Structures are given as C-alpha cells and as structure tokens.
Amino acid sequence: MKRLDGKVVLITGGGGGIGAETARLFAAEGARVVLADLQEPALQSVVQEIGTEISTYIVTDVSDGGQMKQAVETAVQRYGRLDVLFANAGTEGRIVPLVDYEPSEFQRVIDVNVMGVFLGLKYTIPVMQKQGGGSIIITSSIGGLKGFAGLSAYVTSKHALVGMMRSAVLEIGNSGVRVNTIHPSPIETRMMRSIEEGAAP
C-alpha cells in the first residue's frame, strides 16, 4: 500500500519547479493531485505526465480570492475531499535595493506570496476541519529565516509566511489540521535562475 493512497492534494504553483516535482512524488505515492497555476501549458504537461485519472488542473491566480476558492472547490468536487494543501506558488520580484523598488512591484510580490497563501488557508481550513484533519504545507524559503540584499520584497513575504503559520497553528492546531512551513535553500528552478541573473547579470 502506498503512503498516500486515498489522499487528495492541492498544489499551488503546480506547473513547474518544486510544485511539479512534488506533484509527481505525491502521485507516485497514490495521491490524487489537483494543480493550480497561471501557466496552462505547464499544467497540461504535468497532468498528462502523471495521468488524467489521478490528476487535474485549474488555471489560478492565487492572489484572487474567487479563483483560490474555486481551486479548493474543484479538488473537493472532483475527488470528494481535500487532505493536503501545498501552498507553494510564489514570485521572486526584482533584484534591486529597497529604495529602488516600485511600490506596485513590491505589492505584487506580497499579493502572490502572502495573500495567495492566506487565501489558500482561508478556504482550505474549513474543509479540513469538517473532515477531521489535514495537512497544510507552506513554501517559505531560507529567505524567510534571514535577510538578503536586493531581495527585500521576497524576503519580507517569506518572513510573513512564518508568522502566518505560527498564528494558524495556535488557532487550529487542536482540530487535527497541521500547518508547517518549509524553507528551501537554492534549488535548480526558473526562479533561482532569475534571482541569479538579477544579482549578477
């Protein structure tokens, strides 16, 4: 028996990098997987690889409340439950000194990286509490534990996720829903290439 047989997983940022690889691993362990991302071709590619019987996708802007609500509802409607939220979608923003950041650019990073996770928790927690349990995994970063010059928007957003996780744990920890952050160091992804190119073009 596979470790995740019968489990249903929603992965934001599921079209590439960490999200896509996580989808492959969860599916290999028996889970049903719902992928949410803005990049439809990437979503289609991952779903075709995993198999349409055990995976599906929904094009989603995680910073939009209606779209995130629909992503959660899609998982429940398609597979009958939702056991895991992997809140993984994120954007790095520009690599510039804090004083050179345009407010609109800074805000976009916050909208995706913080508001997107907040909305995921907002719509997922009631489903999991009704079921009697579940697991929420939030992708923070090593940038959520320390500062990095030129990455003020990204680092701010990833620190914020630690606070969100800790608050959520205190609110729902006794309901059977686990909430954790993970903190990857550099990984070979599009985002990492973008950060490197921005830092040392």
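Predicted model: local features only at pLDDT ≥ 70, side-chain atom pairs only at ≥ 80, totals over all residues.
Thr 60 sits in the loop that links strand E3, residues 55-59, to helix H3. Its side chain reaches back to the backbone oxygen of Ile 58, at 2.9 Å. Leaving aside residues up to four places away in sequence, Thr 60 touches Ala 36, Asp 37, Leu 38, Gln 67, Met 68 and Ala 71.

I turn now to the nonpolar cores. The largest comprises 27 residues, and Leu 10, Leu 121, Ile 136 and Ile 138 have the most contacts inside it. Among the elements that give two or more residues to this core are strands E1, E2, E4, E5 and E6, together with helices H3, H4 and H5. Helix H5 supplies the largest share, six residues. Apart from this core lies another, of 16 residues, which includes Val 9, Ile 11, Ala 23 and Ile 137.

Which residues does Leu 121 touch, if those up to four places away in sequence are not counted? They are Leu 85, Pro 126, Ile 136, Ile 138, Met 164 and Ala 168.

Finally, I come to Lys 69, in helix H3, which spans residues 65-79. Is Lys 69 buried, partly exposed or exposed? Its relative accessibility is 37%, so Lys 69 counts as partly exposed. The side chains of Lys 69 and Glu 73 are joined by a polar contact of 2.7 Å. Between Lys 69 and Thr 124, the C-alpha to C-alpha distance is 8.4 Å, although the two are 55 residues apart in sequence.

Technical notes:
Residues numbered from 1 in each chain as written. Heavy atoms only, no water. Helix = DSSP H or I, 4+ residues; strand = E, 2+ residues; numbered from the N terminus. Buried < 20%, exposed > 50% of the residue type's maximum accessible area, 1.4 Å probe, protein only. Polar contact = N/O pair within 3.5 Å; in protein donor to acceptor, adjacent residues only side chain to side chain. Core = buried A, V, L, I, M, F, W, Y, C linked by side-chain atoms within 4.5 Å. Contact = heavy atoms within 4.5 Å.
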